[in-house]
Amino acid sequence: MSSADEEVTLFEPGDFDFLGRVEYSAAEPLPEYSRGREILSRLSKNKGAAVAFCCIVLITALAVIGPMVSGYRYDQQLTGRDNMAPRIQGVERLGLFDGVETIKTSRGLNVVNKYEKLEGGENVYHWFGTDVLGRDLFTRTWTGTRISLFIALVAVLIDMLFGMGYGLVSGYFGGKVDMCMQRFVEVLNGIPNLIIVTLLIIVLKPGLTSIILALMMTGWIGMSRVARAQMIKLKEQEFVLAARTLGAGHFFLIFREVLPNIFAQLLVMSMFSIPNAIFSEAFLAFIGIGIPVPLASLGSLIADSFKSLTTHPYMIFFPVTVLAALMLSFNLLADGLRDALDPKMKGQ
Amino acid sequence: MKKYILNRILIAAVTLLFILFTLFVLMSLLPGSPFNDERLTPEQVVVLRAKYGLDRPVLVQFFHYVKNMLTGDFGVSYAIAVNVPISTLLSLRLPVSMRIGGQAILLGTLLGLTLGTAAALRHNTIWDTLGTTLSVIGVSVPSYVFGLGLSYSLGFRLKWFPMLYQEGSPFRSSVLPTLALCLFTMASISRFTRTELLEVLDSDYMLFAESKGIDGFNLIFRHALRNALIPVITILAPLVVSLMTGSLVTERIFSVPGAGQLLVQGIQANDYSVIAAMAFIYSSLYIGVMLVVDILYGIIDPRVRLIQEEPS
């Protein structure tokens, strides 16, 4: 013991050489860890999601600007200008969208350009053509897109307000409350969406209100389940316990302690309900219980032009393309956001 | 296990009763009655009401209604085919829908399995990209957009298949509706197969099976796919829903005389008794499938059952 003590001791001042000093400057802090920026950078690397995002921005811009710049109103019927094929300035010289359409009749093919027959028709342009009643389809398509986008917004709001609240409360209180609330969800979930919507339409008049009401009845169930699962995961954690010890009430614990931790995840989840909502509207319109005329939605435009599919296929082309692009984009963006938020979930 | 199954059956029964109750209330709340005829004297109305049991207490009427619906007596149609029992209409139309739906499921499953397996085995190659792209499109593009495209291209332009359903050639005319319907099934199954198969291929038991010298075919089909496909029953419920909504639209596009078309006609003609009958049939179908899925899943994966039995 004593021998060890003796060995450990003594360093002489001459044993060390001074090699210089490393300067740690405060001017260069470590790169800040920002979750938001990281998610954004991951998202922009996902080509599909980036394209989808651009597509949504473009469609939204057109929906806002389109009806303003076309020079027509969506319910304006122009006499003598029914069933005009699309004609666009500039592009018409290439032989595309020049107002010519080939109609199949019993006497063979019939090539017509209705713009030539129209008085002063050289200066008339209908970019997407006109429908059977002589209404400008460009204006109608983008007015219809507005409705689809509005329904998308409503779907997210319902998800966030109703589904989230329901799930959080159910998960937080647990026990009997949870039991009752979950049985109710199970019963509601057991009824096909289609049936609920159909029955609602019988009671109410077809229209935007009844479509939104129908979405409100069922659209939030998926979200409430996710919110509940997250709440159950988080509510036993230390930070919640700490807040409770400090005397926080139920409301504070649910909305100020737990919610901020899971909000991003829930927001991404709610993105998935957008394509569903847009589809529901288009579907209802197609089976004849959409929004009433002369209002237009993408679904009702498709349903109307379906009747002249074989004679004037251009009428259905644009609304169908916009609808498909919108749904595809929202799906891709939601997928991309989910992957960006949690790379482990990728491909599920 | 018994408790779990009983619980599921109870919930299914409650749901069905809830739907029947809603239908009953809706039907009695609707304005107008069959006895609105001005030529009827009040005495005659009383007699008629007694004949149809409308003078009995509401609760008795409700149980009578439940009994009728459960035994397949859905009443008569008011508008589509006047005074024809709805069960007769259904017996003509349900088989057509069932056949097309069945074909769509079969074709969709086969294509989906092939695509999904190919994508997983050739992970990160052109096959994978192709499969993933197809499934994203299939899940997001509504079946009726696809149906309209098919009807215009293959039906109207190329004339390969009839554009509208012909009673005379039931198989040839069912090709296009089947294709339009199977897209969603194909997409979701291929997506699912790919994800699950990738996970299984990565597992230790696959490495073990491979090192035992099992050949490629048996490796994929007997060891990998069999394990990957157990959870496939979870997507059965969304599939049934997509087939039901899809049938409504595709049957309208191709004018197929099926059950979906009946509901659409009922809605457009305000034929309430038809709508109620279809609502009941679609709901019971859906509830039945959900019940089977829940029970099967409880048997296969005990974890589900345990969570249900001890609510946290």
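User: How many helices and strands does chain A have?
Analyst: The secondary structure of chain A consists of 14 helices and 2 strands. Please keep in mind that this is a predicted model.

User: Is chain A spread out or compact?
Analyst: Chain A has a radius of gyration of 31 Å, whereas the globule rule gives 20 Å for 348 residues, so chain A is more spread out than a compact globule. Its C-alpha trace spans about 120 × 60 × 30 Å along the principal axes.

User: What percentage of the residues in chain A is buried?
Analyst: Of the 348 residues in chain A, 36% are buried.

User: And which contacts in chain A join residues at least 24 apart?
Analyst: Taking the contacts in chain A between residues at least 6 apart in sequence, 70% join residues at least 24 apart.

User: Now the two chains together. How many residues of chain A are in contact with chain B?
Analyst: On chain A, 37 residues are in contact with 39 residues of chain B. Four elements of chain A each give two or more residues to this side: helix H6 (175-189), helix H7 (193-203), helix H12 (273-286) and helix H14 (314-341). The largest share, 8 residues, comes from H14(A).

User: Which classes of residue are on that side of chain A?
Analyst: The side of chain A that touches chain B has 27 nonpolar, 8 polar and 2 charged residues.

User: Back to H14(A). At what angle does H2(A) cross it?
Analyst: Helix H2 (residues 35-45) of chain A and H14(A) have axes that cross at roughly 130° and come within 9 Å. That angle makes H2(A) oblique to H14(A). The crossing in which H2(A) passes H14(A) is right-handed.

User: Which residues meet there?
Analyst: From H2(A), the residues are A:Ile39, A:Arg42 and A:Leu43. They meet A:Gly336, A:Leu337, A:Ala340 and A:Leu341 in H14(A). By class, the residues of this contact divide into 5 nonpolar, 1 polar and 1 charged.

User: A change of topic: how many residues of H10(A) are buried?
Analyst: Helix H10 (residues 238-245) of chain A has 8 residues, and the number buried is 0, so H10(A) lies largely in the open. H10(A) is followed by A:Gly247, which has a positive phi near 95°.

User: In chain B, which residues other than glycine have a positive phi?
Analyst: Among them are B:Asn124, with phi near 65°, and B:Ser255, with phi near 35°.

User: Where are they?
Analyst: B:Asn124 is in the loop between helix H4 (86-121) and helix H5 (126-140) of chain B. B:Ser255 is in the loop between helix H10 (236-253) and helix H11 (259-268) of chain B.

User: Is B:Asn124 buried or exposed?
Analyst: B:Asn124 counts as exposed because it has 8 C-beta neighbours inside 10 Å. B:Ser255 has 14 other C-beta atoms within 10 Å, which means that B:Ser255 is partly exposed.

User: Finally, is B:Phe146 buried or exposed?
Analyst: B:Phe146 lies in helix H6 (residues 143-157) of chain B. B:Phe146 counts as buried because it has 23 C-beta neighbours inside 10 Å, and the cut-off for a buried residue is 20 or more.

User: What does B:Phe146 touch?
Analyst: Leaving aside residues up to four places away in sequence, B:Phe146 touches B:Val141, B:Ala180 and B:Leu183. The C-alpha atoms of B:Phe146 and B:Phe161 are separated by 15 Å, and the two residues are 15 residues apart along the chain.

How values were computed. Residues are numbered from 1 along each chain as its sequence is written. Chains are lettered from A and ligands numbered from 1 in the order in which they are written. This is a predicted model: local features need pLDDT of at least 70, side-chain atom pairs count only at pLDDT 80 or more; totals for chains, interfaces and linings use all residues. Two residues are in contact if their C-beta atoms, placed from the backbone, lie within 7 Å. Ala, Val, Leu, Ile, Met, Phe, Trp, Tyr, Cys and Pro count as nonpolar, Asp, Glu, Lys and Arg as charged, and the others, Gly among them, as polar. Axes are lines fitted to C-alpha atoms, for helices over the stretch in contact, and angles run from 0 to 180 degrees between N-to-C directions. Angles under 35 degrees count as roughly parallel, over 145 as roughly antiparallel, 65 to 115 as roughly perpendicular and the rest as oblique. A crossing is left-handed if the near helix is turned anticlockwise from the far one by less than a right angle, and right-handed if clockwise. The radius of gyration is taken over C-alpha atoms; the globule rule is 2.2 Å times the number of residues to the power 0.38. A residue is buried if 20 or more other C-beta atoms lie within 10 Å of its own, exposed if 12 or fewer, and partly exposed in between; C-beta atoms are placed from the backbone.
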